Amino acid sequence: MRALVFAVLPVLIALLAVDASARRAARERQMPAAIAVGRRLGTTDLALSGGARWLRAPSLEEPWAAFADAPAAPDPDPAGGAMSPPRELWSRERQR
Amino acid sequence: MMAKRSSFLAFVFGSLARRRAKALALGGGLAFAVALVAAVLFLTDALRGEADRVRSAMPDVVVQRLVGGRPSVVRSADTAVVADPPIPSVASVRARVWGYVFLPALQGNIVIVGIAKGAPSLDDVHGALSEGRDLREGAHEMLAGATLARFLGLRLGDELGLPTTQPSTPLKLVGTFSSAAELYAADVLFCDERDARTLLSLGPDEATDLAVTLANSDESRVVARTVLDRFAAQGTTARVVERELLGRVYALGYGRRSGLVLAASIPALLALLVLAWDRASGLGPEEKREIAILKAVGWSTADVLRAKLLEATAIGALATAAGLLLAYAWVFWLGAPGLRPALVGWSVLYPEAPLTPMVDVAQLLGIALGVLAPFVSLSIVPAWRAATLDPMDAMRG
């Protein structure tokens, strides 16, 4: 009976994995609706930080959007402290 | 053999019960550390998964025009630059009308999207709208994110006049998006293209950007280069964003966020580990006497070592299980209160849709073993020290 204590972790891992899998399956069933709305959007970036355009749509904004007012000026938006620009991506993008 | 194993376990659990406070301090600290790290990983993976899941809805290539280093409006002549002469593998080029409007009432931006004539109706897609119906052309109607509608106190049939420099007709709310699209469209307002032009101050010949759809998305790099060459030949600066690179935006953006949060938690985690080490390595006089008695009645050094390691494994396994359960419940059942604003950033309009877990058995096992293995290894030294005690010395105190 006491040995069951050592089974708690593997059983919990199995239960969490099953719950996660069920939630993923439920989300997949919603995806046709999400994609139908997404096709109409300008960007499918997550609507997490709408205070500034570069935080709302980081994938489409120009790399210097965060510093639109002055070069290298501090980002005044509180969300800017939690989100970094995708510099590695910008270095690869095409622009002329 | 069974009896010996049973007596080992009886001793281990008896010992844990006798030193309940120490076991709880060790286990509680470890569970808290596991919960914090696992919750950050769960939340980051869920956000990245959510962003990736709908990436296929983006056009293969987006073309922006730059003026003075900032995105500027595109004109029909720019559409012609991309579309004429036709580039092989380009299936369509569409000028999109969308942008941001600052709402003083919200003290935040909302996203206005103009829906072009002939766009597939959302009425035909099951579950796209939580209530109402899709827009009707020319009827001055709007669809809005559920969060936005709730924030503005709008119900179906209500009209909203948005701040604009041009005279505009108030828009009537005819539907809201379902929770399926909440994470992408919480702050979005769809209206027909003509209304969007008025709200965004775009002329009839102007658009925000060009969406290029390809017959074969593998050719996006070639198409991007061709488009840029054509704009350069016209003496215009352009910027091209390829969909295939967006996955990296999300991986980098959310990866670095989780890194920041974890880095900020390092001092607390270190303090916790030092405390745990201190508690685990210290042998009290009670414990020393107990081990001495065991050795006096015939337990070998290996037996004591094994019992002590079992004790550490029991505490570690239970604490890891509690930590994982706490993290999962915190993020996916409760919506990560406290952690979500720290990790995803601050916003007036916040999507309230639940997140979908991306964790699987491999990741859960990885976290569990990553915690349990060092914890049990760290307990070897104090266990060895306990096992090699001289019974006579220990009993004398």
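**Where chains A and B meet**

Between chain B and chain A, 18 residue pairs are in polar contact, both residues at pLDDT 80 or more; a polar contact here is a pair of N or O atoms within 3.5 Å, where within protein one must be able to donate a hydrogen and the other to accept it, and residues adjacent in sequence count only if both atoms are side-chain atoms. The model is predicted, so local features need pLDDT of at least 70 and side-chain atom pairs count only at pLDDT 80 or more, while totals for chains, interfaces and linings use all residues. Residues are numbered from 1 along each chain as its sequence is written, chains are lettered from A in the order in which they are written, and side-chain values use heavy atoms, with hydrogens and water left out.

Let us stay with the interface. Helix α10 (residues 301–333) of chain B gives the most to the side of chain B that touches chain A, with 12 residues; helices are DSSP runs of H or I with at least four residues, strands are runs of E with at least two, and both are numbered from the N terminus. In total, 102 residues of chain B are in contact (heavy atoms within 4.5 Å) with 67 residues of chain A.

Four salt bridges cross this interface, each defined as a side-chain nitrogen of Lys or Arg within 4 Å of a carboxyl oxygen of Asp or Glu. A:R27 and B:E50 pair in a salt bridge, N to O, at 2.6 Å. Through shared partners, salt bridges join A:R27, A:E28, B:E50 and B:R53 into one network.

Beyond its neighbours within four places in sequence, B:L324 is in contact with residues of both chains, including A:L9, A:L12, B:V34 and B:F42.

Finally, look at B:R96 and B:D209, whose closest N and O atoms are 2.9 Å apart in a salt bridge. The pair links distant parts of the chain, with B:R96 in strand β4 (residues 90–96) and B:D209 in strand β13 (residues 209–214), 113 residues apart. B:R96 counts as buried because its relative accessibility is 5%, and B:D209 does so at 1%; buried means under 20% relative accessible area, exposed over 50%, and partly exposed in between (1.4 Å probe, protein chains only).
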